[in-house]
Amino acid sequence: MPETGWRGSPEIWIDIAYDTLITRGVEAVRIQPLAKQLGLSRTSFYWFFKDREALLEALIQRWRDKNTGNLIQQTQAYAENITEAVLNLFDCWLDQALFDDAFEFAMRNWALQSADVEAEIEQADQRRLQAIREMFEQFGFASQEADIRARTIYLTQIGYVSMRTHESLTVRMTRIEHYVRVFTGQSASANQLKRFYHRHSASLG
């Protein structure tokens, strides 16, 4: 008999695959266990995806759109000067809706097992670095200096991700002003910092 009733949606299959990738790694992202967790039959999966590889590709696309897409968008957000631009980029490091650290860590672990995912990571790194470099160039930094500053910002943050560094919001906020000065050679204005802290529910005091 043909299956009847609710079969889920592409999004819930991607969501459970995401949760599994984050908590257990890519080897655990298997159709039957995911179906069991969702309380659905295995055949429900095939209404939305051709096979496991299609689900994994959907996961990769979610990561591309979220972490790379949002990072690039933040480098292109309106800013009056480079310090404001860098604070826009810093939004990624404090807002999981913009940049998902756990997803990034899981993807980089996956890349250790897959040449294809490793290539995805390398391409993402280059796209992100280019966007940050162009952000500096937009505010008058020479190409080589823009490249070095972009690498300093980006590789520092990827170090945070790779080392799974956890800091309280309070601790991280006390460092923001200093990071801006180190990364740009300039100091953010009091108003820029105030707006940034407000966005992330902190205060100057």
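This is a predicted model: local features need pLDDT of at least 70, side-chain atom pairs count only at pLDDT 80 or more; totals for chains, interfaces and linings use all residues.
Reader: Okay, how many domains is the protein divided into, and where are they?

Author: Domain bounds come from an automatic or database domain assignment. Here you get domain 1 (1-49) and domain 2 (58-203), and their C-alpha centres lie 32 Å apart.

Reader: How do I read the interface between them?

Author: The size of an interface is often given as the accessible area lost when the parts come together. Buried area is what two parts lose that way, taken with a 1.4 Å probe and summed over both. For domain 1 and domain 2 that's about 890 Å², with 72% of it on carbon and sulfur atoms. Going by contacts (heavy atoms within 4.5 Å), ten residues of domain 1 touch ten residues of domain 2.

Reader: Which salt bridge crosses from R62?

Author: A salt bridge needs a side-chain nitrogen of Lys or Arg within 4 Å of a carboxyl oxygen of Asp or Glu. The rule finds one across this interface. R62 pairs with D15, and the closest N and O atoms are 2.9 Å apart. On the domain 1 side that touches domain 2, there are seven nonpolar, no polar and three charged residues. In that scheme Ala, Val, Leu, Ile, Met, Phe, Trp, Tyr, Cys and Pro are nonpolar, Asp, Glu, Lys and Arg are charged, and the others, Gly among them, are polar.

Reader: And the salt bridges in the whole structure?

Author: The search turns up 15. Among them is D125 with R108, closest N and O atoms 2.6 Å apart. Another is R30 with E27, at 3.0 Å. R30 is partly exposed, at 35% relative accessible area, and E27 is partly exposed too, at 49%. The cut-offs are under 20% for buried, over 50% for exposed, and partly exposed in between (1.4 Å probe, protein chains only).

Reader: How should I describe an aromatic pair?

Author: A pair of aromatic rings is described by the distance of the centres and the angle of the planes. Rings of Phe, Tyr and Trp (its six-membered ring) pair if their centres lie within 6.5 Å; planes under 30 degrees apart are stacked, over 60 edge-to-face, the rest tilted. This structure holds nine such pairs. F45 and Y46 have ring centres 5.1 Å apart and planes at 85°, so they're edge-to-face.

How values were computed
Residues are numbered from 1 along each chain as its sequence is written. Side-chain values use heavy atoms; hydrogens and water are left out.
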